[in-house]
Amino acid sequence: MDHSLQPTPLFESRVRGLRKIHQGKVRDIYDVDADHLLIVTTDRLSAFDVVLPDPIPFKGQVLTKISEFWFEKTRALVPNHLTALRIEDIVRDPEERAQLEGRSMIVKKLRALPIEAVVRGYLIGSGYKDYKQHGSVCGIVLPPGLVMADALPEPIFTPASKAPAGHHDENIDFEAIVSLVGREHAAAVRRIALAVYALAAEHARARDIIIADTKFEFGIDKAGNLLLIDEVLTPDSSRFWPVASYRPGISPPSFDKQFVRDYLESLHWNKKPPAPHLPADIIARTSDNYRKALKLLTS
């Protein structure tokens, strides 16, 4: 076990001196001042767009550490929203601060673009469904005869529109992105997303991980600059496949919450709240998966 990780899971954060402005499936976001936000990555887990009642130990810290690793590694390609402020600069109470250690980022307050910048190197998930139906993904025509999990001839940019809470993001083509954010920003997002994916995929492959696909988010500062925001290349925002078990034609095992999805699929649950509790072994295996991804990627 990584001894820098704190074992006590956190389902929901509480910071008395700051106003919580958003609670997502995983992250709690607080308003710090006119220029900064505090993002706390909890150990909540969602499946089928429903937050489950049981936290996954270490998950929030793993996601934070992996994101911080990639933010630093990709800094030469694109600036990001991290700041030099520390948690002790804004949260004075030691007890309150303890729950946030290792799972918090103080970031610049930006205008988030209303898109998911998805890059695919392999044909899986909604991309595979689109290909089976149309022979293309987000308007990009692909060679015939590809099977599930096949490597694409080259990575492709397949954006999605951000859906309201409780709904699925929708795959859209590049011209739809232009209509949402303008041609200059759309072109820059595509170029940067493909470059970051290429760098990360090479790094991960050398450590026996295939990054099948991933999604990025971008924000705009007051000067109009494009910055990388949110989380980057984590098991929650990406498909990580072990090289050793990868085979085209099947959906490979991955370093994420697949154990949880498989378990929930075996139940008579309608995939609406409230979600069922998870057995201890499913929680433990999922936690181990996240920590394994951290160790392989960053050691």
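Axes here are lines fitted to C-alpha atoms, for helices over the stretch in contact, and the angles between N-to-C directions run from 0 to 180 degrees. With that in hand, let's walk through this structure, which is a predicted model.

**Two helix pairs**

Start with helix 1, residues 59–73, and helix 6, residues 183–205: their axes come within 11 Å and cross at roughly 120 degrees. Angles of 65 to 115 degrees count as roughly perpendicular and those over 145 as roughly antiparallel, so an angle between those ranges is called oblique. That makes helix 1 oblique to helix 6. The crossing of these two helices is right-handed.

Helix 6 has another partner to look at. Helix 5, residues 174–181, packs against helix 6 at about 125 degrees, and their axes are 7 Å apart. Helix 5 is therefore oblique to helix 6 as well. Here, too, the crossing is right-handed. From helix 5 come Phe174, Glu175, Ile177, Val178 and Val181, and they meet Arg183, His185, Ala186, Ala187 and Arg190 of helix 6. The class count for this contact is 6 nonpolar, 1 polar and 3 charged residues.

Here are the two pairs side by side:

| Helix pair | Axis distance | Crossing angle | Handedness |
|---|---|---|---|
| Helix 1 and helix 6 | within 11 Å | roughly 120 degrees | right-handed |
| Helix 5 and helix 6 | 7 Å | about 125 degrees | right-handed |

**A sheet with a helix on it**

An open sheet of 4 strands runs in the order 1-2-3-6, and its pairing is antiparallel. Strand 1 and strand 6 (104–108) are the edge strands; each has a single partner, so one side of each has no neighbour in the sheet. From one strand to the next, the twist averages 30 degrees.

Going through the sheet pair by pair, strand 1 (residues 19–23) lines up antiparallel with strand 2 (residues 27–31) over 4 bridges. Lysine 20, for instance, has tyrosine 30 in strand 2 as its bridge partner. A hairpin of 3 residues connects strand 1 to strand 2. Next along, strand 2 and strand 3 (residues 36–41) run antiparallel and are joined by 5 bridges. In that pairing, aspartate 31 stands opposite leucine 37 of strand 3.

Helix 1 turns up again here: it packs on the sheet and touches strand 2, strand 3 and strand 6, with its direction at about 45 degrees to that of strand 6.

**Another strand pair**

Isoleucine 210 has its bridge partner in strand 16, namely tryptophan 241. How many residues of strand 16 are buried? The count is 4 of its 5 residues, so strand 16 is largely enclosed by the rest of the structure.

Most residues other than glycine have a negative phi, and most peptide bonds are trans.

Against that, aspartate 230 has a positive phi, near 65 degrees, without being a glycine. Its place is the loop between strand 15 (226–229) and strand 16 (238–242). Lysine 271 also has a positive phi, about 65 degrees, and is not a glycine either. You'll find lysine 271 in the loop between helix 7 and helix 8.

The peptide bond between proline 273 and proline 274 is cis, with omega at about 0 degrees. Proline 274 sits in the loop between helix 7 (258–265) and helix 8 (280–298).

**One serine to finish**

Serine 46 belongs to strand 4, which covers residues 46–47. With a relative accessible area of 9%, serine 46 is buried. Which residues does serine 46 touch, leaving out those up to four places away in sequence? They are Lys25, Val51, Leu52 and Lys257.

How values were computed. Residues are numbered from 1 along each chain as its sequence is written. This is a predicted model: local features need pLDDT of at least 70, side-chain atom pairs count only at pLDDT 80 or more; totals for chains, interfaces and linings use all residues. Side-chain values use heavy atoms; hydrogens and water are left out. Angles under 35 degrees count as roughly parallel, over 145 as roughly antiparallel, 65 to 115 as roughly perpendicular and the rest as oblique. A crossing is left-handed if the near helix is turned anticlockwise from the far one by less than a right angle, and right-handed if clockwise. Contact means heavy atoms within 4.5 Å. Ala, Val, Leu, Ile, Met, Phe, Trp, Tyr, Cys and Pro count as nonpolar, Asp, Glu, Lys and Arg as charged, and the others, Gly among them, as polar. Buried means under 20% relative accessible area, exposed over 50%, partly exposed in between (1.4 Å probe, protein chains only). Two strands pair if DSSP finds at least two bridges between them.
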